[in-house]
Amino acid sequence: MTAHRITLDLGDIRITGIAEPGRPGMPLLVCLPGGGYNASYFDVAGYSLVDAARREGFPVVSLDRPGYGGSTALKGEVSFRRNAEVLQGAIAELWHRNLSNAPGIVLVGHSIGGAIALHLAAGDRTWPLLGVSVSGIHHEAQRSNDALKSEPPTSTLEFSREHLLRFMYGPEGTYDPGVPDIAKHAESAVPIAELVEVAGQWCTDFAELAARIEVPVHYGLAEHEGFWPSSDESVAAFRDSFTAAPSVTARRILGGGHNIDHHYVGATFHKEQLDFAKGLVSPAR
């Protein structure tokens, strides 16, 4: 965990995160964590995508989404769409800082961060997007959000230890028992509105968003998912929704739980993500 803190001032909005510089000519990786986690989700000691990217020479930034870490919370509508609008500006600032060294940006999103990465990939941008890698997200929720709909949308929820182990990590033996404690610094309260949307409106919006994405897509879904149906068929259904993408690489990650990055299989998955990003700037392209 050697990444340094950064702050992006966007008028009345501030976005914070962690960053590592890289070699010229390498894509800029911009990572978006999921619900209940700040930017350090991608920088847990021993399970850090940030460290893996640094070793390969990638410039990498993991952002605190609005309302997480030191980032300004959204006012009014709290939605994936609004997250994407704010982060579009933050990533534009990151691109301005890196444009002389990087050929473009690769988005890496986990869980709700993956859903927001797909919103960004499907929308208008002021920076060059090379590709998007997402995990821990699907479009067929296997858990209802009805119990949360009566809660004030601006309220937040902190996952209990029991819920983290059950839904984020899964079966014993797929992760080091000490990892949940090591990752404690990455935990954060999640806005109720995000949990309502991910099992509701997101599932309705996905098909239209996926059909608008015109860059290569990389996708992984854990075998022991706590939130989504996990099978070869469910992975294929998600993959086949990207009808305009020039390529889609998708597979089920055997031995992984929802927080794939923090499992024994995390290092292998990180290598896949980095190889995917490298391939986007290869001479063959």
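Predicted model: local features only at pLDDT ≥ 70, side-chain atom pairs only at ≥ 80, totals over all residues.
Q: Hi! What is the order of the strands in the open sheet?
A: Hello! The open sheet has 8 strands in the order β1-β2-β4-β3-β5-β6-β9-β10, and the pairing is mixed. Strands here are DSSP runs of E with at least two residues, helices are runs of H or I with at least four, and both are numbered from the N terminus. Two strands pair if DSSP finds at least two bridges between them.

Q: Which strands stand at the edges?
A: Those are β1 (4-10) and β10 (248-257). Each has a single partner strand, so one side of each is left without a neighbour in the sheet.

Q: And how are neighbouring strands turned against each other?
A: On average by 20 degrees, direction ignored. Axes are lines fitted to C-alpha atoms, for helices over the stretch in contact, and angles run from 0 to 180 degrees between N-to-C directions.

Q: Which strands does helix α3 touch?
A: Helix α3 (residues 112-122) packs on the sheet and touches β3, β5 and β6 (129-135). Contact means heavy atoms within 4.5 Å.

Q: New topic: which residues touch the most other members of the largest nonpolar core?
A: L63, L107 and W202 do, in a core of 49 residues. A nonpolar core is a set of buried Ala, Val, Leu, Ile, Met, Phe, Trp, Tyr and Cys residues joined through side-chain atoms within 4.5 Å. A second, separate core has 31 residues, including M26 and V106.

Q: Is E194 buried or exposed?
A: E194 is buried, with a relative accessible area of 2%. Buried means under 20% relative accessible area, exposed over 50%, and partly exposed in between (1.4 Å probe, protein chains only).

Q: Where does E194 lie?
A: In helix α6 (residues 192-198). Leaving out residues up to four places away in sequence, E194 touches several residues, among them R65, Y68 and F80.

Q: Last one: how many disulfides are there?
A: A search of the whole structure finds 0 disulfides, meaning pairs of cysteine sulfur atoms within 2.5 Å. C31 is buried at 0% relative accessible area, and C203 is partly exposed at 22%.

Conventions: Residues numbered from 1 in each chain as written. Heavy atoms only, no water.
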